[in-house]
Amino acid sequence: MTPVADFRTQFENALSTLRKALPRTQVYVASIPDLKRLWSQGRADPLGKRVWKLGICPTMLGDADSLDAAAVERRETVDRRVRDYNAVLRDVCAKDRRCRTDGGAVHAYRFGTGQLSRWDWFHPSVNGQARLAEIAYRTVTADRG
């Protein structure tokens with residue numbers, strides 16, 4: 001996994017590059033979804049587990065049925081890292097007056113298997129994309145008071 005400090009630097013550099021080229025551009029940053037929830041939802045489906053065996057996000061999804069100490073710690077490490085990444089997104093965006101985050105709404109969204117793509121059981125399905133679009137619309141159009 002990318003170290004948090006590198007993630008911060010890369011995001012800051014990307015936003016800085018955008019600001020130099022297009023200083024008035026509005027930016028919307030969605031939080032990273034809850035990958036632990038993805039694992040907990042998808043592991044109940046035999047097809048999802050077979051697809052994950054192809055190597056999709058093995059740190060979280062590999063050996064989906066394993067609940068031994070190593071697997072639990074591996075998943076907890078990913079969960080902590082996603083939370084740290086989301087904190088970076090919030091912190092960096094907060095320093096830019098034309099940047100708005102979803103306030104963690106995508107991460108908090110309690111999706112089910114109906115919102116997962118049947119191709120990879122990782123990315124959003126059409127239904128999942130629609131739910132994420134609703135979250136984005138509410139956030140982008142909300143009064144910033």
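The largest pocket is lined by 14 residues. Nearest its centre lie P33, F122, H123, P124 and L132. This is a predicted model. Its aromatic pairs come to two.

**Pocket**
- The volume of the largest pocket is about 270 Å³.
- Two elements each give two or more residues to the lining of the largest pocket: α2 (35-42) and α7 (126-141).
- The lining of the largest pocket holds 11 nonpolar and three polar residues.

**Aromatic pair F7 and Y85**
- F7 and Y85 form a stacked pair. Their ring centres are 4.2 Å apart, with 20 degrees between the planes.
- F7 belongs to helix α1 (residues 4-21) and Y85 to helix α5 (residues 69-94), so the pair ties together parts that are 78 residues apart in sequence.
- F7 has a relative accessible area of 17% and is buried, because buried means under 20%.
- Y85 is buried too, at 11% relative accessibility.

**Aromatic pair Y109 and F111**
- The ring centres of Y109 and F111 lie 6.5 Å apart. Their planes meet at 35 degrees, so this pair counts as tilted. Stacked would need planes under 30 degrees apart.
- Y109 is partly exposed, at 23% relative accessibility.
- F111 is buried, with a relative accessibility of 9%.

**Charge over a ring**
- R37 places its charged end over the ring of F111. The distance to the ring centre is 5.8 Å.
- F111 therefore takes part in two contacts described here: the tilted pair with Y109 and the charge of R37 over its ring.

Conventions
Residues are numbered from 1 along each chain as its sequence is written. This is a predicted model: local features need pLDDT of at least 70, side-chain atom pairs count only at pLDDT 80 or more; totals for chains, interfaces and linings use all residues. Side-chain values use heavy atoms; hydrogens and water are left out. Rings of Phe, Tyr and Trp (its six-membered ring) pair if their centres lie within 6.5 Å; planes under 30 degrees apart count as stacked, over 60 as edge-to-face and the rest as tilted. Helices (H or I, at least four residues) and strands (E, at least two) are DSSP runs, numbered from the N terminus. Buried means under 20% relative accessible area, exposed over 50%, partly exposed in between (1.4 Å probe, protein chains only). A charge sits over a ring if NZ of Lys or CZ of Arg is within 6 Å of the ring centre and within 35 degrees of the ring normal. On a 1 Å grid over the protein atoms alone, a cavity is a set of points where a 1.4 Å probe fits but cannot get out, and a pocket is an open set with protein on both sides within 12 Å along at least five of seven lines; lining residues have an atom within 4 Å of a point. Grid points are joined across faces, edges and corners, and a volume is the space filled by probe spheres set on the points. Ala, Val, Leu, Ile, Met, Phe, Trp, Tyr, Cys and Pro count as nonpolar, Asp, Glu, Lys and Arg as charged, and the others, Gly among them, as polar.
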